[in-house]
Amino acid sequence: MPNFPNSIINYTMNLMVETRSLAYLLVNKDGCLSAWGGKLAAYGVQNLQKDENVGQQVFFLEGLLPLDDFPLFLPRIKTEYGICADVHLFPSEEGDWVLLLDATLEEMQLSLIQQQTNNSILIQEKLARILNP
């Protein structure tokens with residue numbers, strides 16, 4: 001693991017917390033919520049209950065936990081509230097962690113690229129029809 005100066009680590013962490021709306025959940029291996037924090041409200045996650053099944057409280061996690069000792073990354077997942085998030089799940093001794101990072105900007109950029117690609121294809125097809133009647 002690279003050794004970074006504390007100033008760089010602190011700056012990077014602050015940047016992530018501020019720009020990516022970092023939020024987390026800690027889930028016991030029995031699937032019950034143990035702890036949570038960060039900007040969960042940004043993802044529409046509210047009214048959590050400790051020691052209750054996480055899949056019944058955060059629906060997009062249903063069936064994903066517990067982990068089989070391997071991390072899982074789910075890019076650009078839309079929550080039930082329409083918020084786009086990168087979801088990182090990883091096991092630890094405390095339980096399974098779920099990290100949410102805002103991916104709205106990446107989703108918008110990807111949609112723009114897809115739209116531009118579709119427009120280019122349509123233009124090429126139209127030109128082909130005109131040039132090859």
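## Terms and model

A residue is called buried when its relative accessible area is under 20%, exposed when that area is over 50%, and partly exposed in between. The structure described here is a predicted model, and by the cut-off of over 50%, E18 is exposed because its relative accessible area is 56%.

## Helix α1 and its surroundings

Helix α1 covers residues 6-19, and I8 lies within it. At 1.5 Å a residue, the 14 residues of α1 should span 20 Å, and the end C-alpha atoms are in agreement with this, being 20 Å apart. After α1 comes S21, which has a positive phi near 50°.

An α-helix has 3.6 residues a turn, so residues three or four places apart point the same way. F4 can also be set against T117, a residue of helix α3 (residues 104-131): the two are 113 residues apart in sequence and 40 Å apart in space, taken from C-alpha to C-alpha. T117 is partly exposed, with a relative accessible area of 41%.

## Strand β5 and its partners

Strand β5 (residues 96-102) is largely enclosed by the rest of the structure, because five of its seven residues are buried. Strand β1 (residues 23-27) pairs with β5 in the antiparallel sense over five bridges, and within this pairing L26 has W97 of β5 as its bridge partner. Strand β4 (residues 84-91) also runs antiparallel to β5, to which it is joined by seven bridges, with P91 standing opposite D96. The hairpin of β4 and β5 has four residues between the strands, and in this hairpin G95 takes a positive phi near 145°.

A search of the whole structure finds one aromatic pair. This pair is formed by Y24 and W97 in a tilted arrangement, with 5.8 Å from centre to centre and 55° between the planes. Y24 belongs to strand β1 and W97 to strand β5, so that the pair links distant parts of the chain, 73 residues apart. Y24 is itself partly exposed, with a relative accessible area of 30%.

## Salt bridges

Side chains of opposite charge can pair when their charged atoms come close. A search of the whole structure finds three salt bridges. One of them joins E18 to K39, with the closest N and O atoms 4.0 Å apart; this pair links distant parts of the chain, E18 being in helix α1 and K39 in the loop between β2 (33-38) and α2 (54-57), 21 residues apart. Whereas E18 is exposed, K39 counts as partly exposed, at 32% relative accessibility.

Another salt bridge is made by the side chains of R20 and D86, at 2.9 Å from N to O. Because R20 lies in the loop between α1 and β1 while D86 lies in strand β4, this pair ties together parts that are 66 residues apart in sequence. D86 is buried, with a relative accessible area of 11%.

The side chains of K29 and D96 also meet in a salt bridge, at 2.6 Å from N to O. K29 is in the loop between β1 and β2 and D96 is in strand β5, and the pair links these distant parts of the chain, 67 residues apart. K29 is partly exposed, with a relative accessible area of 38%, whereas D96 counts as buried, at 0% relative accessibility.

Definitions and conventions: Residues numbered from 1 in each chain as written. Predicted model: local features only at pLDDT ≥ 70, side-chain atom pairs only at ≥ 80, totals over all residues. Heavy atoms only, no water. Helix = DSSP H or I, 4+ residues; strand = E, 2+ residues; numbered from the N terminus. Buried < 20%, exposed > 50% of the residue type's maximum accessible area, 1.4 Å probe, protein only. Pairing = 2+ DSSP bridges. Phe/Tyr/Trp six-rings, centres within 6.5 Å; stacked < 30°, edge-to-face > 60°. Expected span 1.5 Å × (residues − 1).
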